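Please read them with the structure open beside you.

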Amino acid sequence: ITRVKINELKPLKPRFEVPDVLVREPPTEPLSLLSQDENGVVLSLGAESQRVIVSARPFRLDIMEGRDVLMSLNSRGLLAFEHLRMRKDTHCPLTCILLFLYLLTSLFVQQTTKDEDDKDEDGMWEETFKSHTDGKPNGPSAISLDFSLPGVEHVYGIPEHAETLRLKTTDNGDPYRLYNLDVFQYELFNPMALYGAVPVMLAHNSQRTTGIFWLNAAETWVDISSNTAGKTVFGKMLDYVQGSSETPQTDVRWISESGIIDVFIMLGPTPKDVFSQYASLTGTQSFPPLSSLAYHQCRWNYNDQEDVKLVDAGFDEHDIPYDFIWLDIEHTDGKRYFTWDPHKFATPKEMLQGIMDKKRKMVAIVDPHIKVDSNYKIHNEIRSRGFYIKNKDGGDYEGWCWPGSAGYPDFTCADMRSWWASMFAYDQYGGSMENLYTWNDMNEPSVFNGPEVTMHKDAMHGAWEHRDVHNLYGFYVQMATAEGLIQRSGGVERPFVLTRAFFAGSQRYGAVWTGDNAAEWDHLKISIPMCLSLGLVGISFCGADVGGFFKSPSSELLVRWYQTGAYQPFFRAHAHLDTPRREPWLFGPENTALIREAVRQRYTLLPYWYLQFYQAHCTGQPVMRPLWVEYPQDPATFAIDDEFLIGTDLLVHPVTEEGARGVTAYLPGKNEVWFDVNTFQKHNGAQNLYIPVTMSSIPVFQRGGSIIPRKLRVRRSSTCMEHDPYTLFVALNPQRTAEGELYIDDGHTFNYEKKEFIHRKLFFANNILSSINLAPDAKFSTQSWIERVIILGASKPSKVTLQTADGQESQLEFEFDSSMSVLTLRKPGMNAGEDWKVMLQ
Amino acid sequence: MRFYVFIASVFCCAFADSRKIRGISSSYKRFYRERKSFLCIDGSKLIPFEQVNDDYCDCEDGSDEPGTSACPRGRFYCTNLGFRPHYIPSSRVNDGICDCCDASDEYNSHIRCQKTCWNLGQRERAYVEGQMRTLDEGLRLKQQLIEEGVLLWREKQAQLRELQQKAEDLHLKVEEHKKRKHQADQHKEQTLKTLQAGGAGSRQHNNTASGLFQFLDNNKDGSITVDEVQARVVTIHDEKRLLSENEAVALLGGGRQMDLTMFRHTLWDTLTKGDNVKIRDTNAALDSPVVEDPLLMAADRAAKWEATNLKKVEEAYETVNMEISDLQQKLAIDYGTDWEFLFLNSQCYKLQVYEYTYTLCPFNQVTQENTAGTQVSLGTWGMWAGEPKNQYSQMVYENGEPCWQGGSRTATVTLTCGTETALRSVKEPSKCQYIMDFQTPVACQPVLKQRGIHSEL
């Protein structure tokens, strides 16, 4: 990783540098000087003959490996730095001279020192947008830098945009914008800013993956251009045939409104390397409670406690599992968060206990806008402690949101955050219990009467303007909330907090969703690239509202959305207040059965999902992955975003077309095989496979060479399945080997950090399936056992022997389906946490 | 009539089987007789009997694991002695949640389940008895209401007939009054014509005595009267002044009328030769409105009177017709097979839920009123919408106030059996879609009586 930091040598006042996003100040290594001349130096980057060439005039940085330029900075000379300056008022028209007279007198002395080259332009010191005025007391302070990526035709990342996975060039339109906004009914395939911002871009070609992390929390724009973008396939072919010397290149330019240039260049070379390099900077995905990976039932709003009870009972009646039921803003007493409607939710603990009796949980919303009401404890405390964001005149900033007039706590302030966290204590948050978790919405922040429905840029967070910290606000809200949930349990329980706004590093605090989508087929489709893009930049716990938030889905769309959502990390159905009810059983028995089956598939795979999140937490690898991440040398995968991988072993191509009769899935991997998880049929890799589908089809494939543990006894909730036995699905590759992992812990505490878990490697080779301890120093015991082993692509053995840890051997019964080459071992029965071996003869 | 609670007692033959198969009902015991092997109930597979309930699913239909959670499609039988036995999905066996009141589903889990069947059974029996009493009472009340309904129906029918008779009478009256008005109108028209013709012909007929007589004899009865003189004769000095009755009588030779013979000898001379009176200058008469002519005015008054009378009668006729169509409309509504729902018509029932007061006026409309007093229509009477076997179990009110996101408010009212008629609950599960629970004796159905409870001891 190379960090390039550019700041003013002596700014008039400090420029904002983003705090709290990096997990630690990255350790620095001395660069050794390789050579030097009057115009520059060549420095060694240590590993792999990587060098950086710094040239002075014109200023540019070239990062080289061997003879190849990996990335050049400022090669187009777009480096710009609007240094802070004093306001010149000499050009002020006569009419406003009076207004600024008092300013003039105070500035007169200093004006003599100002830079003569600077010319004032409209909007430098004040801007208006619609009816809003931005004071801009610091004047222009933007920064910009360009990056050239030779050999690169594919760039990804910089979420959040409702956009294809592979980013488009922006030559003919607006740049991609990063500015957290509460967008009403967002448009698809559009570079407009949405709820969250992660200023991280990945560049990929078949040789190398690199990344750029632009650490700036102000409004940011990213322009992308490419020398091959305009070319047709034929044109590219012509280049190739004629041996055109021009190598493909992508150029990107980053512009931010304020702050400093602080950019991390991650050099890969593999996608996995980039992920771990980025994780070393901003941390990894928090390890969520197992139950939060199960199904969530949400709606704006479940009307009252009786409604909650009926919905809960409905799931049992229709035998559909769920783990979390959610309450939106209407559960509060007049949109005062941390309170309950005194009539509709009069006895919240009774309600929560009822849910707990079913081993289920609840999420209640807590938004960061606080009703201005002197009878509201939270408001009074924030006001009296001075924790509200201030307007430019020093008073508490007030905006309009759900409760009417509202204040916005300054979450950038550490004291505010710890106070906020303390509000989640059971004795502070009346009616809360340990199975109540939190949802932070509207934390862009959303200000209904603000410019672009957000906060005025000249609002003040202590010494900093909102302009400087805008994209960090939601990050801090979730950080403080997650901290609150940890603290209320004395640091024992893992939190679960969903956020709508996010920034780089938000992965450390919980889950995100793609905001207020709509019940349309295109919105279902876009949920895949939107979550893939988030996964690439560290945020793995991503989902879209199943069914679509706005509008009402057809039953076909709803079923397809459940089928897709069941294979995405955060699986929650949600609906707008004005839509008709859509609990899974309201669309006739057939659709109920289809939805039940999709949800059940999710539950059977929870051990695999949990393992993926454990690995994401340990390594920073994404859970939901684009194909190119696992097949980086296969250009056919580079633009695919209608199918995806979960971890390395499951390939999912959900049906996202209305009235689909079939889908064409690309099965990657030249020497690989893939097994249809429903039929166990084997398919070769590196091919486009047409799969006929019916309404019940969810095309999912298990990679040959993998072992996936499932729990097939689907119960009311994931917690009910805790002690259930596992079925191992062993899918053999052409070399007749396979491997996988099994991770077990208590599912909800931080005790795994104290080595209380089971982590095993499952390995099949030479006709022996064995379980090997990957963490011999960890201790945990489980009641779960292995009830079944299903080996796909097997041949019929004459005898199957189980050898347990104590060396005892026993014969196992088995069944062999020769038509599909599926071997099923009946009830081996060994404990899932122990060493064992199964030998096929 | 009395209804009885049947308590069926089944004595379990605890020692009939050498080994108890967990999770099956007695009726399924025959499938699980201990032999060497077990045939899956769907016949798909034969397995060793040891594999029954061994916590591994062998049968596709789940029949080999009635007592464990091993089979995804399996079911577990809760015997629930003292309460109602029932099946639960196998997935609820040993899941740490008590489902069977006899605690039989959690035989191998950390949770200690209370055996609650006896209490539940008692409560259930009490509940069922309560229900039965309610049903008894409800049906009794319903019978009353049916009788009342029949009476009401008859009353309404009688009312309708009465109204129809009234309408018929009024119809005749209207016809008669139309005729009368027609005559009056004709008379008025004639008077007007004569007047106009008279004005034009006065000079023509002035030169002969009979001509002038004819002219003066407005009603053509062969004699000139005081009125007729006053109408056409004026003094020379003051043409505008109407002759007084005395003056007219004087002109008529002291009598109130005069025939042509007498006219020739008296008035004719006075009119033609005298310089005292003359025939009103018809040109001047035409200048002033003809209406001033007393004859015409009388005719006009008569015509107006008849018109007013006709209008009154017509209005009365219309009102009655409207009443008839109202009543017919009401009577066209389906009030149940025995008109048992008829009494609800013209009634309204209120219920306050949180900040709203809901009012259900059956067969009419449903409204919602907030604390500020703003009233919103949730729909007007639409139709019965219950299941085909009992369509009278649900009402739909539709086309209420439009909703913000399109469509209009609707209210679905479910009728349940109770001893009182009252609105019991109102919910709005989705925006603008209201569901109401409406209790009334007339919703009580005798079929409910068959529901009973039996307990196994």
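1. The contact between the two chains takes 30 residues from chain B and 32 residues from chain A. Contact here means heavy atoms within 4.5 Å. The model is predicted, so local features need pLDDT of at least 70 and side-chain atom pairs count only at pLDDT 80 or more, while totals for chains, interfaces and linings use all residues; side-chain values use heavy atoms, with hydrogens and water left out. Residues are numbered from 1 along each chain as its sequence is written, and chains are lettered from A and ligands numbered from 1 in the order in which they are written.

2. About 2600 Å² is buried between chain B and chain A. Carbon and sulfur atoms give 39% of that area. Buried area is the accessible area (1.4 Å probe) that two parts lose on being put together, summed over both.

3. How many salt bridges cross the interface of chain B and chain A? The rule finds 8. It asks for a side-chain nitrogen of Lys or Arg within 4 Å of a carboxyl oxygen of Asp or Glu. Arg713(A) and Asp55(B) meet in a salt bridge at 2.8 Å, N to O. Between chain B and chain A, 20 residue pairs are in polar contact, both residues at pLDDT 80 or more. A polar contact is a pair of N or O atoms within 3.5 Å; within protein, one must be able to donate a hydrogen and the other to accept it, and residues adjacent in sequence count only if both atoms are side-chain atoms.

4. On the side of chain B that touches chain A, the largest share comes from strand S15 (residues 422-430) of chain B, with 4 residues. Helices (H or I, at least four residues) and strands (E, at least two) are DSSP runs, numbered from the N terminus. That side of chain B divides into 10 nonpolar, 9 polar and 11 charged residues. Ala, Val, Leu, Ile, Met, Phe, Trp, Tyr, Cys and Pro count as nonpolar, Asp, Glu, Lys and Arg as charged, and the others, Gly among them, as polar.

5. Arg713(A) also meets Glu787(A) in a salt bridge, at 2.9 Å, N to O. Arg713(A) lies in the loop between strand S39 (706-710) and strand S40 (726-731) of chain A, and Glu787(A) in strand S44 (residues 786-792) of chain A, so the pair ties together parts that are 74 residues apart in sequence. Arg713(A) is buried at 5% relative accessibility, and Glu787(A) is buried at 0%. Buried means under 20% relative accessible area, exposed over 50%, partly exposed in between (1.4 Å probe, protein chains only).

6. Over all chains the count comes to 66 salt bridges. One of them joins Glu176(B) and Arg180(B) at 2.7 Å, N to O. Both residues lie in helix H1 (residues 117-205) of chain B, 4 residues apart, about one turn of the helix. Glu176(B) is partly exposed at 40%, and Arg180(B) is partly exposed at 36%.

7. Why is strand S5 (residues 60-65) of chain A described as largely enclosed by the rest of the structure? The reason is that 5 of its 6 residues are buried. Strand S4 (residues 50-55) of chain A pairs with S5(A) in the antiparallel sense over 6 bridges. Two strands pair if DSSP finds at least two bridges between them. Val52(A) stands opposite Ile63(A). A hairpin of 4 residues joins S4(A) to S5(A). Pro58(A) sits in that loop, and a cis peptide bond joins Arg57(A) to Pro58(A), with omega about -5°.

8. S5(A) also pairs with strand S6 (residues 68-73) of chain A, antiparallel, over 5 bridges. Met64(A) has Val69(A) as its bridge partner. The hairpin has 2 residues between S5(A) and S6(A), and Gly66(A) in the turn has a positive phi of about 60°.

9. Asn74(A) has a positive phi near 60° and is buried, at 8% relative accessible area. Asn399(B) has a positive phi of about 60°, and Asn399(B) is exposed at 60% relative accessible area.
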